[in-house]
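Here is a short briefing on one protein chain. Look over the sequence and the structure first, then read the points by topic.

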Amino acid sequence: MNATIDILNRVIRTRRSIFPRSYLRKEIPRSIIEEMLANATFAPSHKLTQPWKFRVFRKKGLERLAGELSRLYQENTPADRFLTTKYEATRNKVLQSDSVIAIVLKAHPEKLPEWEELASVACAVQNMWLTETAHGVGAYWISPGIISQLGAFLELSPLEKCVGLFYMGIHQETPVEAKRISPEEKTTWIEE
């Protein structure tokens, strides 16, 4: 095998969720985040709609996001189901991160069904994640129910919606290959 495919295979196979509790108090260089976002734009999109948009929260922006997420959790949780630990965890996950990116889908209903646009956004996020992995930065994509209520906070248009939050931070965890079912168990070859 050539060196390029070896590197690609290693990055793909060691990509995994690294959670905020593992993040160190070290700043991710802005250039890495910019490179990650640039790589996101090379994701495939049908009819070149490029339906992804990103809102990057860093520094004091993290306080704003943490406040909004914890407020939404409190407002939308019945008193008998409200957990102080979940309220604090919602806030702390953001504050333990160096950066959090709101992943936004911009629909083009006149051109494509939403599922195709969502597939493109997921490909963009995978490009981001692989870039982060190659730089030794941890990341974690989550889509809590309250993201559907972030429209006003994120200043989204009627055709836009938040489809997840991408938490990021520098970590010291040892890369491990993900455990996956073998491709033989998931593949049927039809050659005749």
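The notes below go from the overall fold to the sheet, the helix packing and the cores.

This is a predicted model. The protein chain holds 7 helices and 4 strands. Its C-alpha trace spans about 60 × 45 × 35 Å along the principal axes.

**Overall fold**

- Along the sequence, the elements of the protein chain follow the pattern α-α-β-α-α-β-α-β-α-β-α.
- The protein chain has 192 residues, and 41% of them are buried.
- Take the contacts between residues at least 6 apart in sequence: 82% of these join residues at least 24 apart.

**The sheet**

- Four strands form an open sheet in the order β1-β2-β4-β3. The pairing is antiparallel.
- β1 (52–58) and β3 (137–142) are the edge strands, and each of them pairs on one side only.
- From one strand to the next, the twist averages 25 degrees.
- β1 pairs with β2 (residues 99–106) through 7 bridges, in the antiparallel sense. Within this pairing, Val56 has Ile101 of β2 as its bridge partner.
- β2 also runs antiparallel to β4, and 8 bridges join the two. Here Ile103 stands opposite Gly164 of β4.
- Is β2 enclosed or open to the outside? Of its 8 residues, 7 are buried, so β2 is largely enclosed by the rest of the structure.

**Helix packing**

- Helix α1 (residues 3–14) meets helix α5 (residues 114–134), with their axes coming within 9 Å and crossing at roughly 105 degrees. α1 is therefore roughly perpendicular to α5, since angles of 65 to 115 degrees count as such.
- On the α1 side, Val11, Ile12 and Thr14 make the contact; on the α5 side, Leu130, Thr133 and Ala134 do.
- By class, this contact of α1 with α5 comprises 4 nonpolar and 2 polar residues, with no charged ones.

**Nonpolar cores**

- The largest nonpolar core contains 24 residues. Which residues have the most contacts inside it? They are Met36, Phe54, Ile101, Met128, Phe166 and Met168.
- At least two residues of this core come from each of α2 (30–40), β1, β2, α5, β3 and β4.
- A second, separate core has 23 residues. Phe57, Leu65, Leu69 and Leu150 are among them.

**Ile101 in context**

- Ile101 lies in β2 and is the bridge partner of Val56. It is also one of the residues with the most contacts inside the largest nonpolar core.
- Leaving out residues up to four places away in sequence, Ile101 touches Met36, Leu37, Phe54, Arg55, Val56, Met128, Gly164, Leu165, Phe166 and Met168.

Note on methods
Residues numbered from 1 in each chain as written. Predicted model: local features only at pLDDT ≥ 70, side-chain atom pairs only at ≥ 80, totals over all residues. Heavy atoms only, no water. Pairing = 2+ DSSP bridges. Axes fitted to C-alpha atoms, helices over the stretch in contact; angles between N-to-C directions. Parallel < 35°, antiparallel > 145°, perpendicular 65-115°, else oblique. Contact = heavy atoms within 4.5 Å. Nonpolar A, V, L, I, M, F, W, Y, C, P; charged D, E, K, R; others polar. Core = buried A, V, L, I, M, F, W, Y, C linked by side-chain atoms within 4.5 Å. Buried < 20%, exposed > 50% of the residue type's maximum accessible area, 1.4 Å probe, protein only.
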